[in-house]
Amino acid sequence: MSMDFELKLDAKTMGRFLLHYNYTKMTGLFGILLGLASLVAVFARWDLWNANQRVVWFVIAFLFLVMQPLTLMNKGKRQMSQEAMKEPLFCHIDEEGMTVTQGEASSECKWENVRKIVYRKREIYIFTSAIYATIITEESCGDRFAELAAFLKEKKKK
């Protein structure tokens, strides 16, 4: 099997990737727990806290439960507005591995070197290193998205 397609990314897709990447790590989960714990603390002990202390608990919750996700989404917008991201990426997938090309630059990764593959509803993240992933959207490969997902699952079994 061989597939070729143009990778179509937008700020929303990049933001979803950054949210997923952050909140599947221990630091992201810790942030959510800290934000929720702050809300529980302020409401469970409302009578014990003065107004200043309540504000501090609310600020902590706001920072971790609202500001952090908004910051990640904004980071996705900034990344997609960079000049390098405006040039299209082309992806070739075959039995050997994956090749991503942008202009004159090209990167190849064999299946045995892929660190992990994350399957989402509308995207597939193929991690070729701890921090670099190729994001393949359903829109990019159209009606072959399910076929691609099945192919990748089979490749990672071996």
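**Close-up views: salt bridges and surface patches**

Glutamate 123 is buried, with 2% relative accessible area; buried means under 20%, exposed over 50%, and partly exposed in between (1.4 Å probe, protein chains only). This is a predicted model, in which local features need pLDDT of at least 70 and side-chain atom pairs count only at pLDDT 80 or more, while totals for chains, interfaces and linings use all residues. Residues are numbered from 1 along each chain as its sequence is written, and side-chain values use heavy atoms, with hydrogens and water left out.

**View 1. Arginine 16 and glutamate 123 meet in a salt bridge.** Here the N to O distance is 2.3 Å. A salt bridge is a side-chain nitrogen of Lys or Arg within 4 Å of a carboxyl oxygen of Asp or Glu, and by this rule there are four of them. The pair joins distant parts of the chain, 107 residues apart: arginine 16 belongs to helix α1, and glutamate 123 to strand β6 (residues 123-127). Helices (H or I, at least four residues) and strands (E, at least two) are DSSP runs, numbered from the N terminus.

**View 2. Glutamate 95 and lysine 155 form another salt bridge.** Their N to O distance is 3.0 Å. Glutamate 95 sits in the loop between β2 (89-93) and β3 (97-102), and lysine 155 in helix α6 (residues 145-157), 60 residues apart. Lysine 155 counts as buried because its relative accessible area is 13%, whereas glutamate 95, at 38%, is partly exposed.

**View 3. Arginine 144 pairs with glutamate 147 in a salt bridge.** The closest N and O atoms lie 3.1 Å apart. Arginine 144 is partly exposed at 29% relative accessible area, and glutamate 147 is partly exposed at 35%.

**View 4. Lys12, Arg120, Lys121 and Arg122 form a positive surface patch.** Patches are made of residues with over 30% relative accessible area and no salt bridge, joining like charges within 9 Å and nonpolar side chains (Val, Leu, Ile, Met, Phe, Trp, Tyr) within 5 Å. Look for lysine 12 in helix α1 (residues 11-23); with 55% relative accessibility, lysine 12 counts as exposed.

**View 5. A nonpolar surface patch covers about 580 Å².** Val55, Val59, Phe62, Leu63, Val66, Met67 and Leu70 make up this patch. Accessible areas come from the Shrake-Rupley method with a 1.4 Å probe; for residues, only the protein chains shown count as cover. Valine 66 lies in helix α3 (residues 51-81) and is partly exposed, at 34% relative accessible area.

Conventions. Lys, Arg positive; Asp, Glu negative; His and termini not counted. Charge placed at Lys NZ, Arg CZ, Asp CG, Glu CD.
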